[in-house]
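Trainee: I'm new to this structure. Could you take me through one part of it closely, and tell me how the pieces there sit against each other?

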Amino acid sequence: MKDLSQKQVLPPAGERRLTAAQFQDLAAVPAAAEWFANIDNPRTRRAYQNDLEDFCSFVGLTAADEFRAVTRSHVLAWRAQLEIRGLAGATIRRKLAALASLFDHLLENNAVAGGNPVHGVKRPKIETNEGKTPALGDDQAKRLLEAPDTASVKGVRDRAILAVLMYHGLRREEAATLTLSDLVERRGIKHLRVHGKGKKIRFLPLHPVAAERIYAYLERDSVREQSSGPLFRSVRGKTTGAGVTANGLYTVVAHWARVAGIEVDGLGVHGLRATAATNALEHDADIAKVQMWLGHANISTTRLYDRRGQRPEDSPTYKVKY
């Protein structure tokens, strides 16, 4: 394989040299296939596979053994092309991380020789998400929690959904996959058994408000098996057996935010997760415990929700006296 310089490897954005079949042949190299298999999250697996396909296509790999010929200059050239394509810094970081992870695995399995060609390649600075994920203030949170009516099964269900999201900081997929059997008792206290990323399970004490609303909803939605099935079921005129999807949860949040007169750009389930985390930290929750509560692998992610330094009431503005 020819050594590539930044001057000669910048094809038009979106250009691809590999067919899907050719890429599958590359991905089928035993060590690489094992690497793919070890990625538990299907969305992460798809993203990483697309990232690897992007690199292989750009460099022009046509055989599995050509991984051995990849050098740091190839990676530098790819990074430059990603920047020209206008990709976000976080996306470029993920693509480089995917390639680095693959080469680490190939090295461990003696599928390539030498060092990892991605190591030493400068990655874009981490873009802080501080302020990008909207979090509600206390008054807004209360209005949203009280927005659904109690006259219909749907209203009672949505009150329970909002309480589960806002008192436990769940991700969309985590809330959507809750079942009746995930209401469990531990040491005499009701808990939610949450199925998080990477098939990791965590148990969260059920907040009293959420507990009250869940059992009020279950009492109204009584025509169901009492020990199994989705916790939150779809309502189309009448309750169905299907669970509310992750997208359905987004619709619930968006609808009741409009009803409550809350105008916050980009507010969704993740915004309620940010609200819960921010509120817990503002009320002196230990950040390490909030990390475990949210299911974060790295505490640096949890720190993005720590907005205690941004509270207007703590501003030096109010310390100025004349």
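Mentor: Happy to. One cut-off comes in handy here: an angle over 145 degrees between two axes counts as roughly antiparallel. Keep in mind that this is a predicted model. Now look at helix α6 (residues 138-146) and helix α7 (residues 153-168), which pack at an angle of about 150 degrees. That puts them past the cut-off, so α6 and α7 are roughly antiparallel to each other. Their axes are 8 Å apart. On the α6 side, the contact is made by A141, L144, L145 and E146, while α7 brings R159, L162, A163, M166 and Y167. Sort those residues by type and you get 7 nonpolar, 2 charged and no polar ones.

Charged side chains turn up elsewhere too: a search of the whole structure finds 14 salt bridges. D51 lies in helix α3 (residues 42-59) and R94 in helix α5 (residues 89-108), so the pair ties together parts that are 43 residues apart in sequence. D51 counts as buried, at 1% relative accessibility, whereas R94, at 32%, counts as partly exposed. D51 also forms a salt bridge with K95, with the closest N and O atoms 3.0 Å apart. K95 is in helix α5 as well, so this pair links parts 44 residues apart in sequence. At 7% relative accessibility, K95 counts as buried.

Conventions: Residues are numbered from 1 along each chain as its sequence is written. This is a predicted model: local features need pLDDT of at least 70, side-chain atom pairs count only at pLDDT 80 or more; totals for chains, interfaces and linings use all residues. Side-chain values use heavy atoms; hydrogens and water are left out. Axes are lines fitted to C-alpha atoms, for helices over the stretch in contact, and angles run from 0 to 180 degrees between N-to-C directions. Helices (H or I, at least four residues) and strands (E, at least two) are DSSP runs, numbered from the N terminus. Angles under 35 degrees count as roughly parallel, over 145 as roughly antiparallel, 65 to 115 as roughly perpendicular and the rest as oblique. Contact means heavy atoms within 4.5 Å. Ala, Val, Leu, Ile, Met, Phe, Trp, Tyr, Cys and Pro count as nonpolar, Asp, Glu, Lys and Arg as charged, and the others, Gly among them, as polar. A salt bridge is a side-chain nitrogen of Lys or Arg within 4 Å of a carboxyl oxygen of Asp or Glu. Buried means under 20% relative accessible area, exposed over 50%, partly exposed in between (1.4 Å probe, protein chains only).
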